Amino acid sequence: MANEEIFEDDEFIIHLTIDGTAYEEVEVKVSDPNKTIRDQISSIVAVFELPRLDNGGTPIQYLLGQITEDDDEPLILEFEDEEGREQALIDYNIQPGDRLHLISVPIAG
């Protein structure tokens, strides 16, 4: 990854809001901003013990969005770029202190 940066372990803190929960702007330490978006989401789901199925048994997909001052809706961070390369937080220039939103989406079956 061309724009890889080195951060001290305790300096990469983001503010996370989780859709459908009481978690609003919780501070979350990112252990590795070079980890893929897919892996970041998996870690968040595990740490916060979020459900993988909704009440009806439908699988839930989680998406990560960046909340900016200008937009009402979070900008969804895609898992892969146009060439199929896995994306990481640094590919979106996510910086310590940025606000992210975890969105739950039931997968239609």
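Reader: How is Tyr23 placed, buried or exposed, or in between?

Author: In this predicted model, Tyr23 is partly exposed, because its relative accessible area of 32% falls between the limits of under 20% for buried and over 50% for exposed. Phe48, by contrast, has a relative accessible area of 18% and is therefore buried.

Reader: How many aromatic pairs does a search of the whole structure find?

Author: The search of the whole structure finds 1 aromatic pair, formed by Tyr23 and Phe48 in an edge-to-face arrangement, with 4.7 Å from centre to centre and 65 degrees between the planes. The pair links distant parts of the chain, since Tyr23 sits in the loop between E1 and strand E2 (26–29) and Phe48 in the loop between H1 and E3, 25 residues apart.

Reader: Which residues of helix H1 are buried?

Author: In helix H1, which spans residues 37–47, the buried residues are Ile37, Gln40, Ile41, Ile44 and Val45. Seen down the axis of H1, these fall within an arc of 135 degrees, so they line one face of the helix. They pack against strand E1 (13–18), strand E3 (60–67) and E5. After H1 comes Glu49, which has a positive phi, near 50 degrees.

Reader: What is the nearest side chain of opposite charge to Asp98, and what else does Asp98 touch?

Author: Asp98, in the loop between strand E4 (75–76) and strand E5 (99–106), is buried yet has no salt bridge, and the nearest side chain of opposite charge, Arg99, is 8.8 Å away. A polar atom of the Asp98 side chain does lie 2.8 Å from the backbone nitrogen of Gln95. Not counting residues up to four places away in sequence, Asp98 touches Ile14, His15, Gln66 and Asn93.

Notes. Residues are numbered from 1 along each chain as its sequence is written. This is a predicted model: local features need pLDDT of at least 70, side-chain atom pairs count only at pLDDT 80 or more; totals for chains, interfaces and linings use all residues. Side-chain values use heavy atoms; hydrogens and water are left out. Helices (H or I, at least four residues) and strands (E, at least two) are DSSP runs, numbered from the N terminus. Buried means under 20% relative accessible area, exposed over 50%, partly exposed in between (1.4 Å probe, protein chains only). Lys and Arg count as positive and Asp and Glu as negative; His and the chain ends are not counted. A salt bridge is a side-chain nitrogen of Lys or Arg within 4 Å of a carboxyl oxygen of Asp or Glu. A polar contact is a pair of N or O atoms within 3.5 Å; within protein, one must be able to donate a hydrogen and the other to accept it, and residues adjacent in sequence count only if both atoms are side-chain atoms. Contact means heavy atoms within 4.5 Å. The arc is that of the directions from the helix axis to the C-beta atoms. Rings of Phe, Tyr and Trp (its six-membered ring) pair if their centres lie within 6.5 Å; planes under 30 degrees apart count as stacked, over 60 as edge-to-face and the rest as tilted.
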